[in-house]
Amino acid sequence: ELDYNNESRFPTHNSYLKVISELGVIGSIPFLALLGALIFEVSKNIKAIKDNYFKNFFVGFFASMMAFLFMNLIDNVLFVPKLVVYFWIFIGMSKAAVGK
């Protein structure tokens with residue numbers, strides 16, 4: 001019989017460790033590849049945007065995206081729906097701004 005009454009469980013406070021612990025090393029490779037592809041895609045989109053207003057906006061977004069991804073080393077903010085919805089919306093907007 002397992003006795004969990006004397007144990008304390010704490011969250012990892014690291015989104016990447018959380019993904020690795022839930023999906024394993026094999027499952028976390030596509031997740032990390034997705035994040036790498038997002039970084040590459042947004043930086044590529046910034047170079048392709050013609051309008052200076054949108055270009056400057058997405059340069060700021062890229063800086064905040066990098067800070068957001070770095071923050072996930074010390075907290076699980078990648079799994080907070082109120083935050084991550086805006087993250088994905090701005091990712092999509094960066095692709096849409098290329099057509100402007």
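Author: Axes here are lines fitted to C-alpha atoms, for helices over the stretch in contact, with angles from 0 to 180 degrees between N-to-C directions. Helices are DSSP runs (H or I, at least four residues), numbered from the N terminus. It's a predicted model, so local features need pLDDT of at least 70 and side-chain atom pairs 80 or more, while totals for chains, interfaces and linings use all residues. Residues count from 1 along each chain as its sequence is written, and side-chain values use heavy atoms, leaving out hydrogens and water.

Reader: Is H1 roughly parallel or antiparallel to H2?

Author: H1 and H2 (residues 52-71) have axes 11 Å apart and pack at about 160 degrees. Over 145 degrees counts as roughly antiparallel, so H1 against H2 is roughly antiparallel.

Reader: How many residues of the contact of H1 with H2 are nonpolar?

Author: Contact means heavy atoms within 4.5 Å. Leu-35, Ile-39 and Val-42 are among those H1 brings, and Phe-58, Phe-62 and Met-65 among those from H2. One residue of this contact is polar and two are charged, and the nonpolar ones number 13.

Reader: At what angle do H2 and H3 cross?

Author: H3 covers residues 81-97. Its axis comes within 11 Å of the H2 axis, and the two cross at roughly 145 degrees.

Reader: Is Ser-28 buried or exposed?

Author: Ser-28 lies in H1, residues 15-48, and touches Val-19, Ile-20 and Leu-23, not counting residues up to four places away in sequence. Its relative accessible area is 4%. Under 20% is the cut-off for buried, over 50% for exposed, so Ser-28 is buried.

Definitions and conventions. Buried < 20%, exposed > 50% of the residue type's maximum accessible area, 1.4 Å probe, protein only. Parallel < 35°, antiparallel > 145°, perpendicular 65-115°, else oblique. Nonpolar A, V, L, I, M, F, W, Y, C, P; charged D, E, K, R; others polar.
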